[in-house]
Amino acid sequence: MPGPEDADGSVDWRALQTEITELQADRAALSARVAALDERVEELAGALDIIEDVIEDAAETLRSPAAATEPVPVADTDAGQQTPSAAPPAPDPGAAPLDMRVLIPWVRDHIALLLERKIPQSQGRLRWCRSWWLHPEAIARFDALHRSWCEAVASQGSALVVYYEHLDRQLATVMDEHGPFSACTGGEHGSDRTVRRLGQLDPPPAYFVELDQLDAM
C-alpha cells in the first residue's frame, strides 16, 4: 500500500518508520501469544496423558483379583466347643471403576458449586483449581470422596456427617499451599515444575530375599 506522504507529495519517512515500528510490535505480540498457546496445548496434552494413566491404574487395581483370604480364626466358647469367628468381608468384585464422566459432574455439584471459600487471587494458603481434573492426586482423592458419599446417602443416621468430616480433611490437603493446587492462582490452572509427584526408588531384589529369610526364622 502507498506510504504516508506530505502535502507536497513526498514520502513522510518519519511517519513510515512509526508504522513499521507499530507493525513490528504487533508481530512480536502475536508471536508471543502463539508461543503461549503452543505451550498451553503441550501442557493440556501432557495432562491428558497423566489422566489416562491414572484412570488405567485405577481400573487395573479394581480388576485385580482379591488377595487370598487368611485362615478363619477359631474362638473358644463357654461349652468348650470351637466356633469359627466372623471373617472380614471380602472386597466387592463388582465395585464400579473410576469413571470421569461421573466424577466430574459430581465434583461440580457437590464441591465446586456447593462449598464456599475465600480464594486468594495471588499468594495465599488456600488454593483451588477449576481444572482439578488435570491433577492426578485430586482425581484420586475426589474419587474416594465420591465413593464415600455414595455409601453415606445409602445409609441412615450420621453417615453424611462422617462424609463431610472426610471432605474437610481431603480439601485441606488438596488446597494446602504445598498441595497439588499450590501452583494454581485465583482458581486458574497453573504449572510449576517444583510441584511434582513424590516418586519412589524400588529396592534391589536382595532386599526381598532378606525379608524372606527373616520371615522363615
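**Exercise 1. Is Asp143 buried or exposed, and what is its relative accessible area?**

Some conventions come first. The model is predicted, so local features need pLDDT of at least 70 and side-chain atom pairs count only at pLDDT 80 or more, while totals for chains, interfaces and linings use all residues. Numbering runs from 1 along each chain as its sequence is written, and side-chain values use heavy atoms, with hydrogens and water left out.

*Step 1.* Buried means under 20% relative accessible area, exposed means over 50%, and partly exposed lies in between (1.4 Å probe, protein chains only).

*Step 2.* Asp143 has a relative accessible area of 14% and is therefore buried.

*Step 3.* The side chain of Asp143 meets that of Arg147 in a salt bridge, at 3.1 Å from N to O; the term requires a side-chain nitrogen of Lys or Arg within 4 Å of a carboxyl oxygen of Asp or Glu. Arg147, at 28% relative accessibility, counts as partly exposed.

*Step 4.* Arg147 and Asp143 are separated by about one helical turn because they are four residues apart in helix H3. Helices are DSSP runs (H or I, at least four residues), as strands are (E, at least two), numbered from the N terminus.

**Exercise 2. Describe the surroundings of Arg141 and its salt bridge.**

*Step 1.* Arg141 is placed in helix H3 and is partly exposed, with a relative accessible area of 25%.

*Step 2.* The salt-bridge partner of Arg141 is Glu137, with the closest N and O atoms 2.9 Å apart. Both residues belong to helix H3 and stand four residues apart, about one turn of the helix. Glu137 is partly exposed, with a relative accessible area of 34%.

*Step 3.* Leaving aside residues up to four places away in sequence, Arg141 touches Gln170, Thr173 and Val174, where contact means heavy atoms within 4.5 Å.

*Step 4.* Arg141 and Leu167 are 26 residues apart in sequence, and their C-alpha atoms are 9.4 Å apart.

*Step 5.* The structure has a count of four salt bridges. One of them joins the side chains of Arg108 and Asp109 at 3.0 Å, N to O.

**Exercise 3. Characterise the largest nonpolar core and the contacts of Phe142.**

*Step 1.* A nonpolar core is a set of buried Ala, Val, Leu, Ile, Met, Phe, Trp, Tyr and Cys residues joined through side-chain atoms within 4.5 Å.

*Step 2.* The largest core has 21 residues, of which Leu103, Ile111, Trp128, Trp132, Phe142, Leu171 and Phe181 touch the most other members. Two or more residues come from each of helix H2 (100-112), helix H3 (136-153) and helix H4 (159-174).

*Step 3.* Beyond residues up to four places away in sequence, Phe142 touches Leu103, Trp106, Val107, Ile111, Trp128, Trp132, Leu171 and Val174.

*Step 4.* In soluble globular proteins, nonpolar side chains tend to be buried together.

**Exercise 4. Determine the disulfide count and examine the sulfur atoms of Cys129 and Cys184.**

*Step 1.* A disulfide is a pair of cysteine sulfur atoms within 2.5 Å.

*Step 2.* The search of the whole structure finds zero disulfides. For Cys129, the nearest cysteine sulfur is that of Cys184, 3.6 Å away.

*Step 3.* The sulfur of Cys184 is 3.6 Å from that of Cys129 and therefore too far for a bond.

*Step 4.* Cys129 counts as buried, at 0% relative accessibility; Cys184 likewise counts as buried, at 0%.
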